[in-house]
Amino acid sequence: MASEQHMVPPGVNLKPEDFRKIGVDEKQAEVISRESLSAWQDAWQRLRQNKMAMASLGLLVLVILGAIIGPHLTPYTYDSNDLLNTNQPPSGAHWFGTDDLGRDMFVRTWYGARISLIVGLAAALIDLLIGVVYGGIMGFFGGRTDSIMNKISEVLYSIPYLLVVILLLVVLEPSLWTIILALTITGWINMSWIVRGEIMQLKNREYVLASRSMGASSNRLLFKHLLPNAIGPIIVTVTLSVPNAIFAEAFLSFLGLGVQAPKASLGSMISDALTGWLAFPWRMLFPAILISVTMLAFNIFGDGLRDALDPKLKK
Amino acid sequence: MVRYVANKFFYMLVSLFVLISATFFLMKAIPGDPFTAEKKIPDEIRQRLYEQFGLDKPVYQQYLRYLGNIIQGDFGISMKRLNQDVSHIISQTFSASLKLGIVAIIVSVIIGILLGMLAALYHRKFIDTAAMVLAVLGIAVPSFVLATVLQYVFASKLGWVDVMGFNDPLDYVLPVAALSAQPTAFIARLTRSSMLEVLHADYIKTAKAKGLSWIVILFRHVLRNGILPVVTYLGPMTANIVTGSVIIEQIFGIGGIGKQFVEAISVRDYPIIMGITIFYGILLMVTRFVTDVAYVFVDPRIKLTGGKEG
């Protein structure tokens, strides 16, 4: 038949030896032909395909490296002033220019990034710790415990967040640690609700029942089975709460309740630059770019992480 | 329904009470009192002042008196400005903030819904991508950075609007843009994802099959259900705009409550700080309560049984 001749492309010579009978072997169906992937490897593969998220990850690594080594790249320190060279534009000597006290902006910008990152990460981690414990107890024990604890958190949550932070810092004198304390005083509630929701959903699964029926203790159930399975949303919440804390600290700087001079954070540098910044835009420019890039990268990376860890949610 | 509303109302009152008490006791914890000044006041006068303001009474009586005053709308007197009532300062400066805030809310809602709608209708096309890139930028770039950039480009370099001031309608443009960028972006994302869900719903297919025009489908069926999540965001949005306005008023030199707040904090004028904090607290909690209740009215799918859900 003519049509069958066309099925073999020209130049391909098939001989009878090229064919082999494979038959039907039912055991073959069970053979695992590819390497099995853990949930993490799976998530990593999905994340790697998300170009925006990977670019954000790269930016974050750069910002973190800059915050670690940046302040040591020039001979100046963050608080060494030079009153003969105030408000200098960027030059070979001062790569990002100088501020109103002649302090080197390059050093201060990276030093500010370091403080902002420390505040953001520390606040996020403390929120994580309190949120997981509080939310874990609510979700795991349920019933009256849950109801009472949930009501307390709801009352605290409906007090506007930044007002509480401002009040605390007006009373406690602002320093790096009091700022972190103030940011976390009601900041953990969101995390506790996420954990509570996850745990409530997970604790009715069969594997938990199986483990419980084998006599596992509450501790073992919580730390071995429930929390590890809830880790995805927890990580995403942490990632997305870092930029919030960085923003909150910057906001406090505008009220004069942020990191106090001569120390600097990105927010306090922008706030300081506000006076007369139309004349000296570089004082505003570099910290503003850095804080925007950092917050943008954390947000995009967090979104990407959520899609990678829970592909069902993706729209 | 009544139980749900009563329940939410009760929560709001408890939260307010916690905030007011926390404010009172935190301020009491600060060493010194309103009459600690550099210049020493004679003891007799100090005693007289203490009596007049009730500072000679035990703390719990001061507390009760403070609560009573707040219920009557009296927030005390400023420490640094002679004979200035805190409630007077608030009511004087509130109108500027209110105008700015309301315009920002309206702009955010309209532009946010439009952007989200366009993105959903042109799902995975260029418009969708562009709108979502804008939304991510809007969420991540802090309002004060945006404000200074806008000020630099449009006021300082191009000279289209004034750098500062808040008198004619043109002065609204930059502060409103800076203030509403983040809420707009949030609303756009919310609208987009909920509209995408609605667009695939069966009743939309039915409406199409009935031969309704796309305008009717879009506005009567899709939009009505698609913007429901936006209602839940109205509470957080107000909080966002109120806190945002504190900085934006400072940058654009607008004489609103936010500016008073910043000034009071910088000179540590405690009665004003307390007054504005509680005022903001009441404002935001009432908004939250209203949107919680409003959501039940606009979403007929929520059938309330008892007061437990919510």
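Predicted model: local features only at pLDDT ≥ 70, side-chain atom pairs only at ≥ 80, totals over all residues.

**Exercise 1.** Does A:Arg306 count as buried, partly exposed or exposed, and at what relative accessibility?

*Solution.* Begin with the cut-offs: buried means under 20% relative accessible area, exposed over 50%, and partly exposed in between (1.4 Å probe, protein chains only). A:Arg306 has 30% relative accessibility, so this residue counts as partly exposed.

Residues are numbered from 1 along each chain as its sequence is written, chains are lettered from A and ligands numbered from 1 in the order in which they are written, and side-chain values use heavy atoms, with hydrogens and water left out.

**Exercise 2.** Find which residues are linked with A:Asp303 in a network of salt bridges.

*Solution.* Step one is the term: a salt bridge is a side-chain nitrogen of Lys or Arg within 4 Å of a carboxyl oxygen of Asp or Glu. Step two stays in chain A: A:Asp303 pairs with A:Arg306, with the closest N and O atoms 2.7 Å apart. Both lie in helix H13 (residues 281–309) of chain A, three residues apart, about one turn of the helix. Helices here are DSSP runs (H or I, at least four residues), numbered from the N terminus. Step three crosses to chain B: A:Asp303 also meets B:Arg189 in a salt bridge (3.1 Å, N to O). The network therefore links A:Asp303, A:Arg306 and B:Arg189.

**Exercise 3.** Describe the interface between chain B and chain A by its residues, area and salt bridges.

*Solution.* Take the residues to begin with: 46 of chain B are in contact (heavy atoms within 4.5 Å) with 38 of chain A. The size of an interface is often given as the accessible area lost when the parts come together. Here the buried area, summed over both parts and found with a 1.4 Å probe, is about 3,700 Å², and carbon and sulfur atoms give 77% of it. Lastly, the count between the two chains is one salt bridge.

**Exercise 4.** How many residues apart are A:Arg196 and A:Asp146, and in which helices do they lie?

*Solution.* These two residues form a salt bridge, their closest N and O atoms being 2.7 Å apart. The pair links distant parts of the chain: A:Arg196 is in helix H8 (residues 189–202) of chain A and A:Asp146 in helix H5 (residues 143–157) of chain A, 50 residues apart. Both A:Arg196 and A:Asp146 are buried.

Key
Buried area = accessible area lost by both parts, 1.4 Å probe. Helix = DSSP H or I, 4+ residues; strand = E, 2+ residues; numbered from the N terminus.
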